[in-house]
Amino acid sequence: MPGKVRQKLAVAFSSLGFVQECVICGSEASGIPLCRRCYRNLKSENLGCTNSPSLCSLCGKPLLSEQNLCMNCRGSSSLLQDFSGVHFSFEYLLKKKALLFHWKMEEERQLTFFFAEIMADLLEKCYPGITVVAVPPRPHKIRRKGWDQIQDLVYVLRTFYGVRVISPLVRKSDTEQKHLSKEERLGHKGAVYGIDETWLRKNPVPEEVVLLDDVITTGVTMQTCARLLKEIGVNKIYGAALFCVP
């Protein structure tokens with residue numbers, strides 16, 4: 001099924017009976033809570049799979065005076081050292097920050113279709129045909145809220161865009177990473193994620209994968225999951241995220 005057809009179907013399913021406000025500007029919106037103008041603007045501001053010399057070739061962040069690699073990605077201290085490259089769609093600033101807040105905290109689940117379109121485009125351009133592994137959610141969050149934004153995203157990517165997704169990782173802790181400092185995250189990382197041994201016994205391990213998350217803050221979560229994937233035999237790991245904190 002062509003990508004544009006999937007996009008139209010996704011929006012159609014999400015828009016049955018809905019006329020609502022745009023979460024960015026408050027104008028009338030239908031289908032998803034983004035008006036046409038904000039939708040177009042966000043699409044044009046999508047960094048996606050950009051190979052610009054003004055972006056770090058590893059983490060994708062804008063470079064200042066550096067060349068090729070930003071200062072955070074230089075040397076063995078890089079928190080993304082097990083990755084062959086990372087791409088994200090938006091910097092976590094201003095209206096994009098509000099957009100993520102409405103999706104995750106205000107539970108505007110119809111935004112999943114917009115984010116899936118953005119991520120599907122990134123995956124197609126940067127990592128065509130490569131299997132996706134999503135960072136697993138906190139079990140307590142799903143029990144409490146009944147949903148998780150990454151699970152929603154993965155469902156739409158799989159259903160409407162034909163993305164192959166596997167689940168070799170499990171979340172072992174309900175501690176919210178956003179409440180920890182960078183140092184606390186580094187010290188706590190081994191207690192948070194692990195390998196699903198049942199999955200591992202029943203499935204082959206792919207040669208390369210794309211590790212997917214909604215936002216990269218310090219890089220600790222991505223690096224922790226990447227290290228686990230390396231341990232079970234994944235040779236090459238890429239990263240993809242909707243947002244990255246500057």
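1. Basis. The model is predicted, so that local features need pLDDT of at least 70 and side-chain atom pairs count only at pLDDT 80 or more, while totals for chains, interfaces and linings use all residues. Residues are numbered from 1 along each chain as its sequence is written, and side-chain values use heavy atoms, with hydrogens and water left out.

2. Two strands pair if DSSP finds at least two bridges between them.

3. Strand pairs. β3 (residues 86–91) and β9 (residues 236–244) run parallel and are joined by five bridges, with F90 opposite F243 in β9. Four bridges join β4 (residues 131–134) to β8 (residues 208–216), also parallel; here V132 faces V210 in β8.

4. Cover of β3. Five of the six residues of β3 are buried (buried: under 20% relative accessible area; exposed: over 50%; partly exposed: in between; 1.4 Å probe, protein chains only). N46, in the loop between α2 (36–45) and β3, is buried as well, with a relative accessible area of 17%. Its side chain makes a polar contact of 3.3 Å with that of S89 (a pair of N or O atoms within 3.5 Å; within protein, one must be able to donate a hydrogen and the other to accept it, and residues adjacent in sequence count only if both atoms are side-chain atoms).

5. Helix α6. The 13 residues of α6 (residues 149–161) should span 18 Å, and the end C-alpha atoms are 17 Å apart, which agrees; the expected span is 1.5 Å times one less than the number of residues. D148 caps the N-terminal end, a side-chain oxygen lying 3.0 Å from the backbone nitrogen of I150. G162, whose phi is positive, near 70°, follows the helix.

6. Helix packing. The axes of α4 (residues 111–126) and α6 come within 9 Å and cross at roughly 65°; axes are lines fitted to C-alpha atoms, for helices over the stretch in contact, and angles run from 0 to 180 degrees between N-to-C directions. Among the residues that meet are F113 and L123 in α4 and L153 and F160 in α6, contact meaning heavy atoms within 4.5 Å.

Conventions. Helices (H or I, at least four residues) and strands (E, at least two) are DSSP runs, numbered from the N terminus.
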